[in-house]
Amino acid sequence: MLQVQVIREQKQAVINGLQKRGLKEIEASLDTIINLDNKRKETQRKQDDLQAESNTLAREIGNLMKSGNKEEAEKLKKRTSEIKETVASLNADLTQIEVDLQKELYALPNVPTEKVPAGKSADDNITVHTFGSIPELAENALPHWDLIKKYDIIDFDLGIKISGAGFPVYKGKGAKLQRALINFFLDEAEKQGYREIQPPIVVNEASGYGTGQLPDKEGQMYHATADNLYLIPTAEVPITNLYRDLVMNEAELPVKNVGYTPCFRREAGSWGAHVRGLNRLHQFDKVEIVQIRKPEESEKALDEMCLYVQSLLEKLELPYRKLLLCGGDMGVNSAITYDMEVYSAAQKRWLEVSSVSNFETFQANRLKLRYKNKEGKTQLLHTLNGSALALPRIVAAILENNQTEKGIRVPKILQAYTRFEMID
RNA sequence: GGAGAGGUGGGUGAGAGGCUUAAACCAACAGUUUGCUAAACUGUCGUACGGGUUAAACCGUACCGGGGGUUCGAAUCCCCCCCUCUCCGCCA
């Protein structure tokens with residue numbers, strides 16, 4: 001959520017930024033917001049003044065009663081009851097204005113930073129880095145959905161039987177590969193100074209609002225209605241909400257947390273021909289990194305996070321490309337996002353395996369996450385996060401790219417974790 | 001699931017219609033003293049919104065889990081909801 005103050009003071013910059021997302025008629029909605037805010041101030045001022053008068057009268061009435069001057073007290077009571085009516089009506093106005101204002105503010109996405117290119121879709125993203133070469137596979141190379149059957153390591157049919165489509169069952173070396181990847185990712189993050197967190201994987205409503213899944217993406221989360229809890233779509237939700245409603249000390253910064261959790265997504269309406277196999281699931285595993293930074297440090301932190309994610313892919317010997325997302329392809333909360341895409345050789349496609357974003361103050365404003373700066377002023381912090389990494393598509397790429405006559409070769413660095421070299 | 005007890009500032013905790021401008025203590029911060037540490041003393045110390053200011057100071061309003069109500073006046077009385085803790089039951 002943008003701050004009204006920013007919209008007021010940097011209106012043109014906000015317009016320029018939002019135009020990069022392909023939004024139109026931004027100025028009109030900014031003006032609506034400023035007008036509503038003016039009305040809010042005016043109404044509140046009237047209400048405060050009347051309230052002050054009423055408070056004074058109440059004290060006077062108290063004194064008059066004590067001294068036994070009942071007649072005079074009755075007169076003043078009349079005036080206070082008039083004030084009360086006016087205050088009630090002003091208060092109703094104020095509540096309505098605030099609701100309208102918040103609705104307008106929720107509707108505005110974050111302002112992209114200077115670096116973000118304008119654009120409508122994935123076609124306008126910029127490839128800023130590539131690594132590795134695309135593997136040449138044999139004629140009879142198989143896509144991962146055939147490989148998992150051939151080696152009996154991941155079973156979609158069993159998942160359908162006990163849960164439904166999109167809930168795979170990992171078996172034998174498939175299960176061990178999952179566990180190996182999770183441990184590898186957590187160990188690497190720890191080496192980079194991240195603290196490991198094991199959060200709950202269901203969260204309450206307030207947490208959903210804190211990170212912005214609610215109200216916008218209500219239908220995308222599994223909802224346990226009996227207890228009004230939501231299954232998390234990403235570890236970002238619980239790990240970032242740890243810091244909701246907080247004024248931090250400078251000494252507690254920066255925060256660098258990492259967590260492994262399963263992630264649950266309903267993916268309502270997003271299934272199509274190109275999302276076979278592991279490409280899209282209702283439940284998947286992910287290791288997520290979250291940072292909380294002082295504003296002046298967040299840009300550098302984002303670069304560090306990207307380089308860290310890239311190092312994971314390089315250690316796993318996976319060819320990838322790094323994309324700077326254009327305005328139109330970024331999530332609403334983000335100010336700047338880099339995606340890492342791994343090449344999946346048998347599908348002949350790039351698969352997104354990580355998304356690293358700086359939300360700047362957008363998320364912190366909703367979370368009420370602030371710190372006291374050197375001047376002792378309370379100021380919003382910057383939040384950042386990234387997948388490091390999401391498992392299914394990494395698994396898909398490893399299976400496809402590393403397939404040989406004899407089986408699937410496990411990347412060298414993972415062998416210490418799997419304790420086998422081949423899936424066969 | 002059953003029964004009970006509670007939710008007050010960063011923490012502990014008093015307050016039971018107007019004497020609260022929320023006591024007191026602890027923590028934190030600044031200063032004084034001191035060979036260092038410590039201690040002692042003094043001072044500062046909630047959040048949001050609005051007004052005001054170059055910036056402060058300062059002024060107003062709201063906030064004692066949340067929402068309603070009673071009253072001239074509510075942390076305090078009434079109603080609804082949420083949460084936490086304790087005991088019993090069940091249970092990895």
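This is a predicted model: local features need pLDDT of at least 70, side-chain atom pairs count only at pLDDT 80 or more; totals for chains, interfaces and linings use all residues.
Local features need pLDDT of at least 70 and side-chain atom pairs count only at pLDDT 80 or more, while totals for chains, interfaces and linings use all residues. Residues are numbered from 1 along each chain as its sequence is written, and side-chain values use heavy atoms, with hydrogens and water left out.

Reader: In what order do the three strands of the open sheet stand?
Author: Helices (H or I, at least four residues) and strands (E, at least two) are DSSP runs, numbered from the N terminus. Two strands pair if DSSP finds at least two bridges between them. Here the pairing is antiparallel, and the order is 5-7-6.

Reader: Why is one side of strand 5 and of strand 6 left without a neighbour in the sheet?
Author: Strand 5 (202-203) and strand 6 (223-224) stand at the edges of the sheet.

Reader: How many of the nine residues of strand 16 are buried?
Author: Buried means under 20% relative accessible area, exposed over 50%, and partly exposed in between (1.4 Å probe, protein chains only). Strand 16 (residues 382-390) is largely enclosed by the rest of the structure, because its buried residues number nine of the nine.

Reader: Which residue of strand 16 is the bridge partner of I289?
Author: Strand 10 (residues 283-293) runs antiparallel to strand 16, joined by seven bridges. Strand 13 (residues 349-360) also pairs with strand 16, over four bridges. There, E360 partners T383. For I289, the partner is G386.

Reader: Which strand gives the most residues to the lining of the largest pocket?
Author: A pocket is found on a 1 Å grid over the protein atoms alone: an open set of points where a 1.4 Å probe fits, with protein on both sides within 12 Å along at least five of seven lines; lining residues have an atom within 4 Å of a point. The largest pocket holds about 1500 Å³. Its 48 lining residues include R265, E267, E352, S355 and R393, the closest to its centre. With nine residues, the top contributor is strand 13.

Reader: Which element supplies the largest share of the lining of the second largest pocket?
Author: This pocket holds about 740 Å³. Of its 30 lining residues, V6, Q10, V111, T113 and E360 are the closest to its centre. Elements giving two or more residues include helix 1 (4-9), helix 10 (298-315) and strand 13. The largest share, four residues, comes from helix 2.

Reader: How many residues make up the second, separate core?
Author: A nonpolar core is a set of buried Ala, Val, Leu, Ile, Met, Phe, Trp, Tyr and Cys residues joined through side-chain atoms within 4.5 Å. The largest has 60 residues, and F185 is among those touching the most other members. The second core includes V4, I15, I34 and F362, and its residue count is 18.

Reader: Is R244 buried, partly exposed or exposed?
Author: R244 lies in the loop between helix 9 (236-241) and strand 8 (246-248). Beyond its neighbours within four places in sequence, R244 is in contact (heavy atoms within 4.5 Å) with N204, A206, S207 and L367. Its relative accessibility is 25%, so R244 counts as partly exposed.

Conventions
Chains are lettered from A and ligands numbered from 1 in the order in which they are written. Grid points are joined across faces, edges and corners, and a volume is the space filled by probe spheres set on the points.
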